Amino acid sequence: SIYEMFGNECCLSTGEVIKIIGFKINKLIASICENNEVRRFSAKVELPLNFPGLYKVVADKTPYVSIEEITRKVSIGPTRFGHPCFYSPEDIKLANLTIKHGEQITFNSVEEVNGTMAVNCGIVRNNQSHSFTLPLSQEGKFYECEDDQIYTLKEIAEWKIPKCRNRIVKLSNTLHTWDSSNPLPENFDGCLILTPVYEVQAVMKFRKDIVHILSDLDVEVKDITDCYDISSFLQPLSLEDVFERTSKEFPMVAEIMEGPSGSQKPYNLLHTGKEIVIYKKYQATRVLASEIRSDSPKRHFLIPMSYKGKFKRRPREFPTAYDLELARSEKEQLHVVATKAFDSPHKELFSVSVGDQFLVQQCQTSEILYEGRKEVIDVLACEQILSDTYKKVLLPMYMEGGFVEVIHDKKQYQLSEICKEFRLPFNVKVSVRDLSIEEDVLAAVPGLQFEEEITDSYLLISSTSSPVESWEIPVYRLNMSVHLLSRDVQTVVPPATKTTVEEIREEQYYMVRRYENQTLHPPPRPPKKPT
């Protein structure tokens, strides 16, 4: 058989030995869904895995009948996505614990316990975590729990579609403006039933790349696993697989089997067949920054602390008095001008006109008269700047107005100085570009908002043929496969690390913020008006 996939012709000759290394969803067939059923006369549309948008997963109403069925059909693994949650409508009695009906059970990993395959599970009661194992032989009805996270289509395809089942998803955020090329109806915000179309991933004895075979290819094969030495095949590893290796195994030499797409350096250098040295794995800090502009789409960047450019401050905007309190610092007094009028319903509080200027002082409480009775509310004490004096005023914390910061600071700052001295989010523009970067993408952006510091996983690599510089490559945002070479690393000490500002897509931006905010408590909401 001869077939062509992704522009590569492949010949599967009679007697060819192929090692299957995985199954992967190649694309999704979507139908518009109503009441968990395909809408009558609904056309099926084909969605690529990079189709933009963020989606919520609708819990499957069909139960699993055993733990073994769950492990066979549902992805369970070490990553953020590999911890599915289920509940049982009946109590489950274990040796030292009873799991109550309806209680959320998190499946963490599958491993052998005392000679029996089991799932490591956990439940949370009264803010206390309890760990236990469930054998694969455990039977009963197990239902999916509701999932409040948002995912890209690619994440859903890789982690959230059980084998032999479809998946219903609800569109949460389109991330793009609708146009005629969009296969979904304009302003669509409903549910879709996703049916996966699989491809087989394989390696062949005399090829150094990964072969993709559509699952509907008409070819007969025979299983010879038990009578063939499979160690003679290359073993592809994803960047996640490499990152799972112990630190003692680094540095290592690898050959790229599938390189990433993209013209941004160093990704354009990481092509199939290239040999690289992977020096180490580690966690590194990045500043998440977004372009300041009123229309969308905005550009988003991850900036390393090694960035050598300099920044000047740009005015911040504050929609409420509460936001002024959050931005207030001991280092300098916050000076703002009002861009929206506010008429106070209470004589004890100040009414704001457009153009009024204030120096923000502190948060305090104040007594007001409301419908004949006295109430204590939170207020923001400020000084109004008049032509020749200052006037003390109180603004209600719930005030929805509009303020723009007045900048007096003309200093140029390094990235590390901003993170140390100021509270994020923080608005800047590049005043001196980083001369060590061939094309500093930040220099062309008229304004940036530094949103937060994040920590992410990276591998440090360089080329074996010309190891004059090394690069940090992100583990979870780069789709790349390698196989390890049994060669010693000539230079254990990596060359100088090249600074790379990573521009990320909008769905990646939401993912980065989602992971980071999982460990943070949401900020308190502004106080409401007295009722």
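## Basis of the model

Helices (H or I, at least four residues) and strands (E, at least two) are DSSP runs, numbered from the N terminus. The structure is a predicted model, in which local features need pLDDT of at least 70, side-chain atom pairs count only at pLDDT 80 or more, and totals for chains, interfaces and linings use all residues. Residues are numbered from 1 along each chain as its sequence is written, and side-chain values use heavy atoms, with hydrogens and water left out.

## Cis prolines

One runs from Phe250 to Pro251, with omega near 0°. Pro251 sits in the loop between helix 3 (239-244) and strand 19 (252-258).

The other joins Leu424 and Pro425, with omega about 5°. Here the loop lies between helix 5 (415-421) and strand 29 (426-432), and Pro425 is part of that loop.

## Aromatic pairs

A pair of aromatic rings is described by the distance of the centres and the angle of the planes. Rings of Phe, Tyr and Trp (its six-membered ring) pair if their centres lie within 6.5 Å; planes under 30 degrees apart are stacked, over 60 edge-to-face, and the rest tilted. Searching the whole structure gives nine aromatic pairs. In one of them, Tyr307 and Phe311 have ring centres 5.6 Å apart and planes at 35°, so this pair is tilted. Both Tyr307 and Phe311 are buried (under 20% relative accessible area; exposed is over 50%, partly exposed in between; 1.4 Å probe, protein chains only).

Another pair is Phe358 with Phe403: the centres are 6.4 Å apart and the planes at 75°, so the geometry is edge-to-face. Phe358 belongs to strand 25 (residues 357-370) and Phe403 to strand 28 (residues 400-405), so the pair ties together parts that are 45 residues apart in sequence. Phe358 is buried at a relative accessible area of 0%. Phe403 is buried too, at 2%.

## Arginines over rings

Tyr64, Phe86 and Phe107 make up one aromatic cluster. Arg165 lies over the face of Tyr64, 3.8 Å from the ring centre. A charge sits over a ring if NZ of Lys or CZ of Arg is within 6 Å of the ring centre and within 35 degrees of the ring normal. Arg286 has its charged end over the ring of Tyr458, 4.2 Å from the centre.

## Nonpolar cores

A nonpolar core is a set of buried Ala, Val, Leu, Ile, Met, Phe, Trp, Tyr and Cys residues joined through side-chain atoms within 4.5 Å. The largest has 25 residues, and Leu324, Val336, Val352, Phe358 and Phe403 touch the most other members. Elements giving two or more residues to this core are helix 4 (321-327), strand 24 (335-338), strand 25, strand 26 (373-385) and strand 27 (390-396). Leaving aside neighbours within four places in sequence, Phe403 has contacts that include Arg316, Leu324, Val336, Phe358 and Leu395; contact means heavy atoms within 4.5 Å.

A separate core holds 23 residues, among them Ala30, Phe81, Leu153 and Ile156. Helix 2 (residues 153-160) is mostly covered, with six of its eight residues buried. Those six are Leu153, Glu155, Ile156, Ala157, Trp159 and Lys160.

## Cysteines

How many disulfides does the structure hold? The count is zero, taking a disulfide as a pair of cysteine sulfur atoms within 2.5 Å. Cys85 is in no disulfide: the nearest cysteine sulfur is that of Cys145, 5.6 Å away. Cys121 is in none either, with the sulfur of Cys85 nearest at 10.0 Å. Cys121 counts as buried, at 2% relative accessibility.

## Positive phi in a loop

Asn126 has a positive phi, near 50°, though it is not glycine. Its loop runs between strand 12 (116-125) and strand 13 (128-135). Asn126 is exposed at 77% relative accessibility.

Asn127 lies in the loop between strand 12 and strand 13. Its phi is near 65°, again positive in a residue other than glycine. Asn127 is exposed, with a relative accessible area of 77%.

## Strand 32 and its partners

Two strands pair if DSSP finds at least two bridges between them. Strand 18 (residues 237-238) pairs antiparallel with strand 32 (residues 481-485) over two bridges. Ser238 stands opposite Ser481 of strand 32.

Strand 19 also pairs antiparallel with strand 32, over five bridges. Glu255 faces His483 of strand 32 as its opposite residue.
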